[in-house]
Amino acid sequence: MAEPISNSNETFSNFFESWVSEQNNFLEELIKASNNDDEFLLVPLITRVVNHYEHYYKTKSEWAEHHVLSILSPSWKSSLEDSFLWIGGWRPSMAFHLLYSKSGLQLEGGLGKLLQGIELRNLGDLSANQLMLVDGLQGKTIKEEREISEKLAKHQESVADTTMVQLSHVVTELIRENDENGNGRIDDDMRVESELGKKEEGLLNILRRADELRLNTLKKLVNILSPFQAAHFLIAAAELHLRLHDWGKRRDATRHGQHDGK
């Protein structure tokens, strides 16, 4: 596992790239293990993969305590990834779209085997009970996701509350007057820092709730699935994340190169 991070953007960027590299290694292990008929070998690997996600969110939470704004606008993500972010990460309800998309593809690919009575042992043979459990979890996840989104919207609106508008007016007047003695400037700066600190604290609480929902959704989905199904779900999740990360970085590099060449 990567070591805990210190308080710098570059260090967290290094941590993230290290974590992504480890995710790629886990992907290769999952692919190999999913082709093995011994699920007792697969179960501990799935536990390690889930722990890998837990490590990421734990480290992210520790770092966000002092750098929440950077977490919400991560420089270590590509422009492509950033465009699809929801409160500093993936939207929890996306996990269900991923599950159903992969399930459909595997069902289509294994239809011949199913007709022969051969078990697929992947997401193509989800049982009726599993689908019911997934549907129930999806409903609860979407409900909480909306609550968090609404909480964020209200918090964003607070940027224009009475205190912030008053402070912006006072500071603007001081700038216009060009007060060389700085009378009242220190006090107002302290008030500004205090108010902005409260805004950041609110964002931190929202981010942590969002990350908690992300991790809990992942863990609960894995628990609903059989070991082989869970492996295929985690493979699909890793593949999508890694490929989007790579595609985004390449697109950014190409566009930066075109801009520099002008």
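Contact here means heavy atoms within 4.5 Å. In this predicted model, L69 touches E200 and L203 once residues up to four places away in sequence are set aside. The average pLDDT of the protein is 89, and 90% of the residues score at least 70. The whole structure contains 15 salt bridges, and its largest nonpolar core has 56 residues.

**Confidence**

- The pLDDT falls below 50 over residues 1–9.
- Across the protein, the mean pLDDT is 89.

- K219 and E54 form a salt bridge in which the closest N and O atoms are 2.7 Å apart. Because K219 belongs to helix α8 (residues 185–224) and E54 to helix α2 (residues 39–72), the pair ties together parts that are 165 residues apart in sequence.
- Both members of this pair are partly exposed: K219 has a relative accessibility of 28%, and E54 has a relative accessible area of 27%.
- A salt bridge also joins K60 to D211, with 3.0 Å between the closest N and O atoms. The two residues link distant parts of the chain, K60 lying in helix α2 and D211 in helix α8, 151 residues apart.
- K60 and D211 are both buried.

**Other salt bridges**

- R91 pairs with E145 in a salt bridge whose closest N and O atoms are 3.0 Å apart. R91 sits in the loop between α3 (79–83) and α4 (94–109), whereas E145 is in helix α6 (residues 128–157), so that distant parts of the chain, 54 residues apart, are linked.
- R91 is partly exposed, with a relative accessible area of 35%. E145 counts as buried because its relative accessibility is 6%, and buried means under 20%.

**Nonpolar core**

- Within the largest nonpolar core, of 56 residues, the members that touch the most other members are F12, Y53, I87, L221, F233 and L234.
- Helices α1 (9–34), α2, α4, α6, α8 and α9 (227–260) each contribute at least two residues to this core. Helix α2 gives the most, with 12 residues.
- L221 is in contact with A95, F96, L99, V134, L137 and F233, leaving aside its neighbours within four places in sequence. Of these partners, F233 is also listed among the core residues that touch the most other members.

**Nonpolar surface patch**

- L107, L111, L114 and L115 make a nonpolar surface patch of about 370 Å².
- Helix α5 (residues 111–115) provides the largest share of the patch, three residues. L107 is located in helix α4.
- L107 is partly exposed at a relative accessible area of 35%. L111, in helix α5, is likewise partly exposed, with a relative accessible area of 44%.
- L111 and G124 are 13 residues apart along the chain, and their C-alpha atoms are separated by 8.6 Å.

**Individual positions and distances**

- L69 lies in helix α2 and counts as partly exposed, at 46% relative accessibility.
- L69 and L204 are 135 residues apart in sequence, while the C-alpha to C-alpha distance between them is 8.6 Å.
- E22 is a residue of helix α1. E22 counts as buried because its relative accessibility is 17%, and the limit for buried is under 20%.
- The C-alpha atoms of E22 and H169 are separated by 50 Å, the two residues being 147 residues apart along the chain.

Definitions and conventions:
Residues are numbered from 1 along each chain as its sequence is written. This is a predicted model: local features need pLDDT of at least 70, side-chain atom pairs count only at pLDDT 80 or more; totals for chains, interfaces and linings use all residues. Side-chain values use heavy atoms; hydrogens and water are left out. A salt bridge is a side-chain nitrogen of Lys or Arg within 4 Å of a carboxyl oxygen of Asp or Glu. Helices (H or I, at least four residues) and strands (E, at least two) are DSSP runs, numbered from the N terminus. Buried means under 20% relative accessible area, exposed over 50%, partly exposed in between (1.4 Å probe, protein chains only). Patches are made of residues with over 30% relative accessible area and no salt bridge: like charges are joined within 9 Å, nonpolar side chains (Val, Leu, Ile, Met, Phe, Trp, Tyr) within 5 Å. Accessible areas come from the Shrake-Rupley method with a 1.4 Å probe; for residues, only the protein chains shown count as cover. A nonpolar core is a set of buried Ala, Val, Leu, Ile, Met, Phe, Trp, Tyr and Cys residues joined through side-chain atoms within 4.5 Å. pLDDT is the predictor's confidence in each residue, from 0 to 100.
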